[in-house]
Amino acid sequence: MTPRAVAIVGASGAVGQDFLAVLAARQFPLRSLRLLASPRSAGQRLSFRGESLPIEALGPDSFAGIDVALFSAGSAVSREHAPRAVRAGAVVVDNSSAFRLLPEVPLVVPEVNPAAIAAHRGIVANPNCSTILLVLALWPLHRAAGLRAVVVSTYQAASGAGQQAMRELREGTAAALRGERLPPRVLPQTLAFNLFPQVDVFQPDGYTREEDKLQFETRKILGLPDLPVDATCVRVPVERCHSESVAVQLGRPLPVAAARDLLAGAPGLELVDDPAQQRYPMPLPMAGRDPVAVGRIRAGRVFAPGLTFWLAGDQLRKGAALNAVQIAELL
Ligand SMILES: NC(=O)c1ccc[n+]([C@@H]2O[C@H](COP(=O)([O-])OP(=O)(O)OC[C@H]3O[C@@H](n4cnc5c(N)ncnc54)[C@H](OP(=O)(O)O)[C@@H]3O)[C@@H](O)[C@H]2O)c1
């Protein structure tokens, strides 16, 4: 690959820091790397491949000479600055939800729909983190046996809500161990020694926006516009890595042994499915790792034919930074 001039917007954030780790680990060919964030972090330095790089405040001229801009600073920042980056000649890979459902914007998981990227007009959207983990497992099942419906419950880590939420979980846990209770700050409820069925805001029909993302983004990525997807998203007191309980209805029977073989060989997945040895996917061992672990695969008891399974993966890695860097590599 030709070395590229890359900018990271939101470099000081949870996803931003993983961008640095992933670019370094994959030896992404860089001509230059510009780190951008809000004025709050301007002047701070981050280390990359043994070098100390300054963080600059994001502004209208930040994208001059940039080939690829990796955005992870929230939807408002993307809406304002991504079009500027495109006008300056960069291709944007955007981690926010700002553009994901626009028909002209490809929504890409490279293991699933890499061809979609070709139609981009300057912006490629990185899907929601829970959705990326889910579709990696759904895609091989769909190709083998035709997906008919999906019911998914997520167990989402604090880091999915950013660095301040991670801090809130740590400080809240320490306070609880002292017998105190910290009021929630960025999260809607106390997370330490608790969980709550709310990720993002509620919609008029009682689902949350995160649950809507799982439905609409899964449909777009898989190219199944009518696929029923019923999601319940739960925030759990885990620092890093989301887990998901998934039940799928299939068009044709798929024996459990065949599903295991299929998922074991699918790109981006790792089979961890030996219940007799108490081996199944968990968040802690997946932290900082690239693959999404799948296990507890069994014949469904509600959907026939169907399968029920469990997965866990690092939502800052494959759910955000890694997927975006893979898109940049494809570009
Ligand atoms: N966390 C995840 O697991 C995850 C997964 C997939 C997608 N995403 C998406 O990625 C984005 C960032 O999430 P995060 O978890 O990394 O959040 P975060 O830890 O809160 O970091 C937010 C980043 O955005 C920067 N920022 C905020 N306002 C800005 C502004 N006005 N101008 C320039 N930079 C600004 C912050 O800079 P300062 O440090 O200077 O404030 C920081 O670098 C969000 O759109 C989120 O939905 C997150």
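The centres of domain 1 and domain 2, taken over C-alpha atoms, are separated by 25 Å. This is a predicted model: local features need pLDDT of at least 70, side-chain atom pairs count only at pLDDT 80 or more, and totals for chains, interfaces and linings use all residues. Numbering starts from 1 along each chain as its sequence is written.

Select the two domains. Domain 1 covers 4–127 + 321–330, and domain 2 covers 131–315. The bounds come from an automatic or database domain assignment.

Now go to where they meet. Here 13 residues of domain 1 are in contact (C-beta atoms, placed from the backbone, within 7 Å) with 17 residues of domain 2. The domain 1 side has 7 nonpolar, 4 polar and 2 charged residues. Ala, Val, Leu, Ile, Met, Phe, Trp, Tyr, Cys and Pro count as nonpolar; Asp, Glu, Lys and Arg count as charged; the others, Gly among them, are polar.

Next, show the strands (DSSP runs of E, at least two residues, numbered from the N terminus). An open sheet of 7 strands runs in the order β3-β4-β2-β1-β5-β6-β7, with mixed pairing. Pairing requires at least two DSSP bridges between two strands. At the edges, β3 (45–48) and β7 (123–125) each pair on one side only. From one strand to the next, the twist averages 25°.

Select residues 4–9 and 30–37. These are β1 and β2, paired in the parallel sense over 6 bridges. Find Val9: opposite stands Leu36 in β2.

Finally, select residues 14–25. This is helix α1 (a DSSP run of H or I, at least four residues). Helix α1 lies across β1, β2, β3 and β5 (68–71). The helix runs at about 25° to β3. Axes are lines fitted to C-alpha atoms, for helices over the stretch in contact, and angles run from 0 to 180 degrees between N-to-C directions.

Key: Two residues are in contact if their C-beta atoms, placed from the backbone, lie within 7 Å.
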